[in-house]
Amino acid sequence: MNQANRILLVDDDEKLRRVLSMRLESLGYAVDAVASGEQALDALNNLEPALVLTDLRMPGLDGIELLERIQVLRPGLPVILITAHGDIPDAVRATQAGAVDFLSKPVDPQQLEESLARHARQTTTATNEAWAEHIVTRSRNMLELLDKVKRVARTSSSVLITGPSGAGKELLARALHKASPRQRKEFMALNCGAVPAELLESELFGHKKGAFTGASTDHEGLFRAADGGTVFLDEIGDMPHDLQVKLLRVLQEREVRPVGETRSVRVDVRVLSATHRDLQSLVDEGDFREDLFYRLNVVQLAVPPLDERREDIPLLLAHQLNLLVRKGSPRRVFAPDAVELLVSVPWPGNVRQLFNVVEQCVALSPGRVISLAQVQDALGRKAEVKAVPSFDDARAEFTRKYLSDLLELSEGNVSQAARLAERNRTDFYKLLKKHGIDPGAFKREAAEDRA
């Protein structure tokens, strides 16, 4: 059973523990059941569960104390509390301290299933492998991308990584290097747009002492420093045209000639490149060499924007909180409604922007829990802006479009549209009224089209 489907169940009541275990297993989860908070902490030394489901009232280490210990040991690991009716005020307090949810006894099966579906932290088997340990994801398109990375890593083909700024192109390049036979050699990265054009050749290929003003010592350059390993050229679309010619020669001949040197030096490097620009358009416009484009673009990997993998946002939040703690920041957790907002808003700056918002919230939060208001302030929004519509909004929008399409097809004839929808005429009129649709407008449009 994948660790992504594993639940750690903590309850001192043997009968309830057995009943909940069977219920969780029927939902497709693997269950590790223990009888105390102390046993749960011991289990966490060897397990990577998706979620901890714990009773609130237990002898010894109770649910709240266990929650606090988990936040220290495993920041970001979701905890759901099970409470008796009279313990709800304590459960609310625990939720404010970082529990993602609480369920009242007797536990309602549907509420349990829905809570697990919302909060169980799911990761991919691929991210448990050393080469991809820094890539946090559970989204299908990212998992498919990682599968491609693993396969292409075995080859020596040049790879072009595309995707918007901040989406993680360099992170993917480093993972590819770690998965390759070159992993024990150097990974050297350079942003082609961040180095002045007159210095870029020297940074890539090196220079000889005295080759130009300021060249006081020999410099080997990225390609020679990475011999046997990988060179990653970020924002390759910003490389000057004259240097594109020299890079093409290096890729063809597997030799570099340092600035000021008369002899070439053999190098064995794999070249990965990345860009947020459309290189094919640059080729069409004459701003990028077509032959170099084909040399670099033997295999293309496209990193999706964060807006296309929103299911990763809770995992990324927990990951960044954990990293900040390791760097000495205070331990913080996001309130559930704050997480919901972060999942719903657009992220034009992608993962980089998300991490910046997390760091700002951690730095400015006065308490352990980062509130919805603090997140709104960090985002610069006074009100919640939803990029993903609610289920009701989405259903209403679909219904409006469906009704409009039927009326357009029937040229405003309600009886005909109702028959197409297999609804009676009265019900169809009610739907039109509910959604503010005027069938007369479609009759007028049809008449204008015929005129």
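Predicted model: local features only at pLDDT ≥ 70, side-chain atom pairs only at ≥ 80, totals over all residues.

Visitor: What does the UniProt annotation say about D55?

Guide: An unreviewed UniProt entry has the annotation "modified residue: 4-aspartylphosphate" covering D55.

Visitor: Is D55 buried or exposed?

Guide: D55 has a relative accessible area of 4%. The limit for buried is under 20%, so D55 counts as buried.

Visitor: And which residues does D55 touch, not counting those up to four places away in sequence?

Guide: With those set aside, D55 touches V10, D11, D12, G63, L81, I82 and K105.

Visitor: Zooming out, how is the protein divided into domains?

Guide: There are domain 1 (6-121), domain 2 (140-302), domain 3 (307-379) and domain 4 (391-442). Taken over C-alpha atoms, the centres of domain 1 and domain 3 are 23 Å apart.

Visitor: What feature does UniProt place at residues 135-363?

Guide: The unreviewed entry lists "domain: Sigma-54 factor interaction" there. Over residues 135-363, the model has 44% helix and 13% strand, with 24 Å between the end C-alpha atoms.

Visitor: Next topic: the largest nonpolar core. Which of its residues touch the most other members?

Guide: Those are L204, F223, I236 and F288, out of 30 residues in that core. Elements giving two or more residues to this core include helix 8 (197-205), helix 9 (221-225), strand 8 (230-234) and helix 12 (290-296). Helix 10 gives the most, with five residues.

Visitor: What is F288 in contact with, leaving aside neighbours within four places in sequence?

Guide: On that basis, F288 is in contact with I236, G237, Q244, L279, L282, V283, F293 and L296. There is also a second, separate core of 26 residues, and L316, A338, L354 and F355 are among them.

Visitor: Let's jump to helix 19. Which residues of helix 19 are buried?

Guide: F428, L431 and L432 are the buried residues of helix 19. They lie on the same side of helix 19, because they cover an arc of only 100 degrees around the axis.

Visitor: What's exposed on the other side of helix 19?

Guide: There you'll find K430, K433 and K434 exposed.

Visitor: Tell me about K433. What is its relative accessible area?

Guide: K433 has a relative accessible area of 75%. Exposed means over 50%, so K433 falls in that class. K433 and K208 are 225 residues apart in sequence, and their C-alpha atoms are 80 Å apart in space.

Visitor: Which residue caps the N-terminal end of helix 19?

Guide: That's N424, with a side-chain oxygen 3.1 Å from the backbone nitrogen of T426. Just after helix 19, G436 takes a positive phi of about 65 degrees.

Visitor: One last stop: where does S410 lie?

Guide: S410 is in the loop between helix 17 (391-409) and helix 18 (414-421).

Visitor: Is S410 buried or exposed?

Guide: Buried, with a relative accessible area of 5%. Leaving aside neighbours within four places in sequence, S410 is in contact with Q416 and A417.

Conventions:
Residues numbered from 1 in each chain as written. Heavy atoms only, no water. Core = buried A, V, L, I, M, F, W, Y, C linked by side-chain atoms within 4.5 Å. Buried < 20%, exposed > 50% of the residue type's maximum accessible area, 1.4 Å probe, protein only. Helix = DSSP H or I, 4+ residues; strand = E, 2+ residues; numbered from the N terminus. Contact = heavy atoms within 4.5 Å. Domains from an automatic or database assignment. UniProt positions renumbered as here; feature names shortened; annotations may be inferred. Arc of directions from axis to C-beta. Polar contact = N/O pair within 3.5 Å; in protein donor to acceptor, adjacent residues only side chain to side chain.
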